[in-house]
Amino acid sequence: MRQLVKQLARTRLGQQFRATAPGRRLESTARAVYRSVSRTPPTSNTSVLMDKLWNAHQLPIDEHAVLYQATDGAGMLDNPLAIFEYLIDAPHYAHLRHIWVIPANGEYSPVMMQWRRHSRVSFVSYRSPQYFRALTTTKYLINNTSFPSEFAKRPGQIYVNTWHG
């Protein structure tokens with residue numbers, strides 16, 4: 001929520017609202033700004049993104065989903081791939097669905113081609129609406145760098161960062 005308020009504060013609407021609402025608690029300020037954004041026609045990509053993030057935050061967390069992101073959505077590689085390969089083969093984790101973040105251009109690497117028809121594996125393009133929905137509704141988040149600054153982990157989500165390098 002704090003990251004979200006910081007992002008909103010960068011927009012003109014957030015600056016205007018913050019100036020007129022001193023002393024409010026951080027969370028109530030964020031909710032009020034969200035309500036203002038949802039009543040205001042989108043004027044930029046930021047306000048559209050904030051609206052989509054807010055809507056996704058209202059959805060329940062999928063307890064059986066794992067989201068993997070390696071190097072800002074570069075594909076299936078590095079430590080997230082090693083964790084995925086273990087979980088996909090382990091019988092006691094057969095209930096999990098696996099979501100991989102892929103490059104925005106949608107190109108499939110040979111590793112992705114191997115998994116694209118698997119029933120428990122799906123792909124989302126980096127920074128797409130489907131990406132932000134998966135990011136905010138997935139129980140387990142596995143990354144080797146960091147997620148976009150617009151994202152704030154929800155209570156109930158588990159974030160594992162393996163740090164590339």
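**From a loop histidine to the sheet**

Reader: Where is the place of His95?
Author: His95 lies in the loop between helix 5 and strand 2. Helices (H or I, at least four residues) and strands (E, at least two) are DSSP runs, numbered from the N terminus. The model is predicted, so local features need pLDDT of at least 70 and side-chain atom pairs count only at pLDDT 80 or more, while totals for chains, interfaces and linings use all residues. Residues are numbered from 1 along each chain as its sequence is written, and side-chain values use heavy atoms, with hydrogens and water left out.

Reader: Why does His95 count as partly exposed?
Author: Buried means under 20% relative accessible area, exposed over 50%, and partly exposed in between (1.4 Å probe, protein chains only). His95 has 43% relative accessibility and therefore counts as partly exposed.

Reader: Which residues does His95 touch, not counting residues up to four places away in sequence?
Author: With contact meaning heavy atoms within 4.5 Å, His95 touches His64 and Arg120. His95 and His64 are 31 residues apart in sequence, and their C-alpha atoms are 6.5 Å apart in space.

Reader: What makes strand 2 largely enclosed by the rest of the structure?
Author: Strand 2 (residues 97–102) has six residues, and five of them are buried, so the strand is largely enclosed by the rest of the structure.

Reader: Which strands stand at the edges, each with a single partner strand?
Author: The open sheet has five strands in the order 3-2-1-4-5, with parallel pairing. Strand 3 and strand 5 (158–161) stand at its edges with a single partner strand each, so one side of each has no neighbour in the sheet. From one strand to the next, the twist averages 20°. Axes are lines fitted to C-alpha atoms, for helices over the stretch in contact, and angles run from 0 to 180 degrees between N-to-C directions.

Reader: Which elements make a right-handed β-α-β unit with strand 1 and strand 2?
Author: A crossover is right-handed if, with the strands pointing away from the viewer, the path from the first strand over the helix to the second runs clockwise. Strand 1, helix 5 (residues 78–89) and strand 2 make one right-handed unit; strand 2, helix 6 (residues 110–115) and strand 3 also make a right-handed β-α-β unit. Helix 5 lies across strand 1, strand 2, strand 3 and strand 4 (138–143), at about 155° to strand 2. Helix 7 (residues 129–137) packs on the sheet too, touching strand 1, strand 2, strand 3 and strand 4, and its direction makes about 110° with that of strand 4.

Reader: Which of the 15 residues in the largest nonpolar core touch the most other members?
Author: A nonpolar core is a set of buried Ala, Val, Leu, Ile, Met, Phe, Trp, Tyr and Cys residues joined through side-chain atoms within 4.5 Å. In the largest, Tyr68, Met76, Phe84, Trp100, Trp115, Val121 and Phe123 touch the most other members. Strand 1, helix 5, strand 2, helix 6 and strand 3 each supply at least two residues of this core, and helix 5 gives the largest share, four residues. Not counting residues up to four places away in sequence, Phe123 touches Met76, Trp100, Ile102, Tyr108, Met112, Trp115 and Arg116. A second, separate core has 12 residues, including Leu67, Val101, Phe147 and Phe151.

Reader: What is the mean pLDDT of the chain?
Author: pLDDT is the predictor's confidence in each residue, from 0 to 100. The chain has a mean of 78, and 65% of its residues reach 70 or more. Over residues 12–26 the pLDDT is below 50, and this stretch has 18 contacts in the model beyond near neighbours in sequence.

Definitions and conventions
Two strands pair if DSSP finds at least two bridges between them.
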